[in-house]
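Subject: Structure handover

Hi,

Here is the structure I promised to pass on. My notes on what turned up follow below.

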Amino acid sequence: MTTALVVVVLALLFAAWVLSIANRLDRLHVRTDAAWAAVDAALARRAVVVRALLNPELSAAASKAEAASRADREAAENELSALLGALDRSAVATALAAELSDAEERVMLARRVHNDAVRDTLLLRRRRVVRWLRLAGTAPQPSYFEIAEPVAPSDAVMITPRPSARVVLTDAEGRVLLFQGFDPARPQELFWFTVGGGVEEGEELRDTAVREAFEETGLKLAPEQLTGPIWRRRAVFSFDGRTFDAEEWFFHATADGDLAVDTSGFNDVEETIISGHRWWSAEELRSTEDTVYPVQLAELLPELTKDWDGRTRPVR
């Protein structure tokens, strides 16, 4: 009887613990939804102010951003941010310039609150008890909203162009090698990304891909072993306090045998911000709640095992 009572008590305690986690997760989902609503409202206000500038190019970009789907919103808002970054604000009426700066500040704050809510929600969703008992239910997985933060006029800098070459490096099983890293300005927000890096002066894209593959993995590839470029990604993003306009060209290569990844060629920045690496299957990419770039990698990865048709496709 005593043993049975202990079992009942433990079961009740476990049930209460699980219920508390489920309630907390539900509150986090509500918080994330509210935070996104705040981001959406801040972006809408920025669009209204932008249209008041009576600049046809900016007005068109603002309308495009407002009409974009959630999946395309980051790219559209980053396009608008890039145009605003190049705007000569000295020619804008003082009151309107102040209103624009206020609108941009509100976008920045709303985005940070939203991403903090997403981070907390994803951390809880990754716990084993949440995954095993499916406590998230049918609630969609929240995602970070990655747009370049506006720059105050007093600190205005040009957005830095950054062409780069990346390598979708797969093994014999069709898995892709990804590195995990973070932005030093936001070390709590981890994400996964492919091999690759910036193009050096006078360097061809394919040569950059070969060099980066060797520096980051130790794999020596000949230029003709690369297929592509297969994809192209354009994104404006902030990293370590700087804003970049990135144009990324993706190549594909296959590693023969078991590649022992050698990261001894990392530069100082890579050694600081890269925390690990692993091989991912398409199925693992589809089921993970981690942030992975490019976003469509899970759906595009299986296509690499088929014949490439020679077209370069845009990705996010």
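Is Leu54 buried or exposed? Leu54 counts as exposed, because its relative accessibility is 73% and the cut-off for exposed is over 50%. Please keep in mind that this is a predicted model.

Backbone first. Leu54 has a phi near 60°. That is a positive value in a residue other than glycine. Leu54 sits in the loop between α1 (2-51) and α2 (56-67).

Arg134 also goes on the list. Its phi is positive, about 55°, and Arg134 is not a glycine. The loop that holds Arg134 runs between α5 (128-132) and β1 (160-170). Arg134 is exposed, with a relative accessible area of 70%.

Next, the cis peptide bonds. One joins Gly228 and Pro229, with omega at about 15°. Pro229 belongs to strand β5, residues 227-239. Another cis bond leads from Tyr293 to Pro294. Omega there is near 0°. Pro294 is placed in the loop between β8 (291-292) and α9 (297-300).

Last, Arg112. This residue lies in helix α4, which spans residues 94-125. Arg112 has a relative accessible area of 39%, so it counts as partly exposed. How far apart are Arg112 and Tyr144 in sequence and in space? They are separated by 32 residues in sequence. From C-alpha to C-alpha, Arg112 and Tyr144 are 9.5 Å apart.

Best wishes

Key:
Residues numbered from 1 in each chain as written. Predicted model: local features only at pLDDT ≥ 70, side-chain atom pairs only at ≥ 80, totals over all residues. Heavy atoms only, no water. Helix = DSSP H or I, 4+ residues; strand = E, 2+ residues; numbered from the N terminus. Buried < 20%, exposed > 50% of the residue type's maximum accessible area, 1.4 Å probe, protein only.
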